[in-house]
Amino acid sequence: MPVVIFVLGVAVFAQGTSEFMLSGLLEPVAADVGVSLGSAGLLTSLFAVGMIVGAPLMAMVAGRWPARYALTGCLSLFIAAHVVGALTTTFGVLLATRVIAALANAGFLAVALAALPALTGPHRVGRATSILLSGVTLACIAGVPAGAFLGQALGWRSAFWAVVVVSVPALVGTWSLVRTETGKAEATDGSSLWGEWRTVGLPRVRIMLILGAVVNAATFAAFTYLAVITTNISEAGPGWVPIMLALFGIGSFLGVTLAGHYADRSAHIILSTGSVALLIIWTTTALIADYLPGLLIMATISGATSFAVGSTVIGRIVTTATPTAPHLSGAFATAALNIGAALGPATAGLAISTTGTTTSALWTSAALALAATALTLATPATNPAHTDHPRP
């Protein structure tokens with residue numbers, strides 16, 4: 001695998017850390033800039049919205065440039081947003097930097113995913129996708145706890161500076177290792193980029209996009225409420241929460257790494273068997289949610305399976321859409337990923353409000369896994385390069 005893929009993975013690690021780290025720093029941020037905790041929560045929710053909107057928007061803009069300039073431009077904007085965020089004392093400016101950072105993050109990931117076929121060859125896209133997404137899982141395991149520790153020890157601004165410190169070497173490496181001509185042959189005008197949107201109408205692309213959103217929704221429906229579910233167990237105190245989250249993160253990293261070795265040649269098998277496995281896993285987790293040792297075990301297993309299936313379907317979106325949407329394929333994958341991340345917790349929250357029990361989040365994940373299973377089993381195992389083409 002080319003070294004540049006690992007460099008891009010470091011950038012994704014920094015961006016994933018930035019996306020999730022504020023969940024543990026909202027109280028000190030709110031106190032420092034003089035806003036309520038609810039207002040500070042906008043720093044995380046607007047970041048998610050920026051990721052959804054930013055993926056296609058930034059890909060449309062950056063699609064006119066060679067990948068080298070698009071990637072370094074997005075990463076430079078991401079770094080600048082964190083520098084300003086670390087220096088500002090105004091909540092409005094801080095909020096603006098989070099939106100800008102989200103747009104830059106979405107643009108970087110969309111361009112990086114779309115560039116994988118050119119950087120690695122079309123037959124190694126699945127493996128390369130797993131390396132990029134392992135940056136997100138490592139952010140959950142190491143980056144977010146480290147950011148929380150720095151924030152508590154040195155102030156929340158130190159976490160922003162830490163993201164900058166990690167991102168700068170990735171910026172230098174991206175500029176040095178991504179060839180100028182990468183993506184240049186496919187450089188296009190705005191009308192051609194708008195034409196790529198027709199790819200969403202292709203049946204196999206549409207199914208993969210829906211599947212990516214549903215699988216990710218199932219993952220984050222449970223993960224978002226995993227801490228609350230843990231503390232509701234009578235024998236589990238708050239000290240078990242970081243252990244539970246760490247086990248989920250470790251499982252996620254193992255799952256995305258293992259799936260990456262087989263995703264390019266056995267994607268349909270991973271998706272079909274994995275979606276069925278997720279249905280069984282989330283149902284089992286819901287049934288034993290009151291038993292701490294069982295929940296600890298299932299957190300690891302569910303993390304591994306969720307990210308194995310999730311990373312595979314993201315790679316599948318890229319390979320399926322690339323023939324007709326070479327610039328926007330990464331944006332489609334990024335948008336599906338973040339739509340799921342937004343819909344899952346919202347659906348689980350509605351279920352919890354309706355039933356009054358936190359285990360409803362796990363049953364929500366099971367229901368979403370059932371929908372993913374139906375979608376996967378209804379999808380034939382064909383080569384995405386041999387699918388239909390958009391109608392004029």
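Reader: Leaving aside its neighbours within four places in sequence, with which residues is Leu226 in contact?
Author: In this predicted model, Leu226 is found in helix α11, residues 226–231. Neighbours within four places in sequence are left aside. The contacts of Leu226 are then Met244, Leu245, Phe248 and Ala299.

Reader: Is Leu226 buried or exposed?
Author: The relative accessibility of Leu226 is 6%. Buried means under 20% relative accessible area. Leu226 therefore counts as buried.

Reader: How many Å apart in space are Leu226 and Arg64, C-alpha to C-alpha?
Author: Along the sequence, 162 residues separate Leu226 and Arg64. In space, from C-alpha to C-alpha, the separation of Leu226 and Arg64 is 42 Å.

Reader: Why is the pair of Phe223 and Phe248 tilted?
Author: A search of the whole structure finds 5 aromatic pairs. For Phe223 and Phe248, the ring centres are 4.8 Å apart and the planes stand at 35 degrees. Planes under 30 degrees apart count as stacked and those over 60 as edge-to-face, so the rest are tilted. The pair is tilted because its planes are at 35 degrees.

Reader: Which helices hold Phe223 and Phe248?
Author: The two residues are 25 residues apart, and their pair links distant parts of the chain. Phe223 is in helix α10 (residues 203–224), and Phe248 is in helix α12 (residues 240–287). The helices are thus named α10 and α12.

Reader: Which residues form one aromatic cluster?
Author: Phe248 is one of the members, and at 4% relative accessibility Phe248 counts as buried. The cluster is formed by Phe220, Phe223, Phe248 and Phe307.

Reader: With which residues is Ser365 in contact, leaving aside its neighbours within four places in sequence?
Author: Ser365 has its place in helix α15, residues 360–377. Its relative accessible area is 0%, so Ser365 is buried. The contacts of Ser365 beyond its sequence neighbours are Ala218, Ala221, Ala222 and Trp282.

Reader: Which residues does Thr373 touch, not counting residues up to four places away in sequence?
Author: Thr373 is also found in helix α15. At 8% relative accessibility, Thr373 counts as buried. With residues up to four places away in sequence not counted, Thr373 touches Ser275, Val276 and Leu279.

Reader: Is Ser134 buried or exposed?
Author: Ser134 lies in helix α7, residues 125–154. Leaving aside its neighbours within four places in sequence, Ser134 is in contact with Phe253 and Val256. With a relative accessible area of 11%, Ser134 is buried.

Reader: Is Ser353 buried or exposed?
Author: Ser353 lies in helix α14, residues 329–355. The relative accessibility of Ser353 is 61%. The cut-off for exposed is over 50% relative accessible area. Ser353 therefore counts as exposed.

Reader: Which residue forms a salt bridge with Asp32?
Author: The structure holds 1 salt bridge. Its closest N and O atoms are 2.8 Å apart. The partner of Asp32 is Arg157.

Reader: How many residues apart are Asp32 and Arg157?
Author: Asp32 is in helix α2 (residues 26–33), whereas Arg157 is in helix α8 (residues 156–177). Asp32 counts as partly exposed, at 42% relative accessibility. The pair links distant parts of the chain, and its separation is 125 residues.

Reader: With which residues is Ala170 in contact, leaving aside its neighbours within four places in sequence?
Author: Ala170 lies in helix α8. Ala170 is buried, with a relative accessible area of 2%. Beyond the sequence neighbours, its contacts are Val7, Val10, Ala11 and Leu75.

Reader: Which helix gives the largest share of the nonpolar patch?
Author: On the surface, Val49, Val53, Leu57, Val61, Trp65, Tyr69 and Trp175 form a nonpolar patch with about 630 Å² of accessible area together. Val53 is partly exposed, with a relative accessible area of 45%, and is found in helix α4. The largest share, 4 residues, comes from residues 42–62, that is, from helix α4.

Reader: At what distance from the ring centre of Trp175 does Arg68 lie?
Author: Trp175 is one of the residues of the nonpolar patch. Arg68 lies over the face of Trp175, and its distance from the ring centre is 3.8 Å.

Notes. Residues numbered from 1 in each chain as written. Predicted model: local features only at pLDDT ≥ 70, side-chain atom pairs only at ≥ 80, totals over all residues. Heavy atoms only, no water. Patch = residues over 30% accessible without salt bridge, like charges linked within 9 Å, V, L, I, M, F, W, Y side chains within 5 Å. Areas by Shrake-Rupley, 256 points an atom, 1.4 Å probe, with all protein chains shown as cover. Salt bridge = Lys/Arg side-chain N within 4 Å of Asp/Glu carboxyl O. Buried < 20%, exposed > 50% of the residue type's maximum accessible area, 1.4 Å probe, protein only. Contact = heavy atoms within 4.5 Å. Phe/Tyr/Trp six-rings, centres within 6.5 Å; stacked < 30°, edge-to-face > 60°. Lys NZ or Arg CZ within 6 Å of the ring centre and 35° of its normal.
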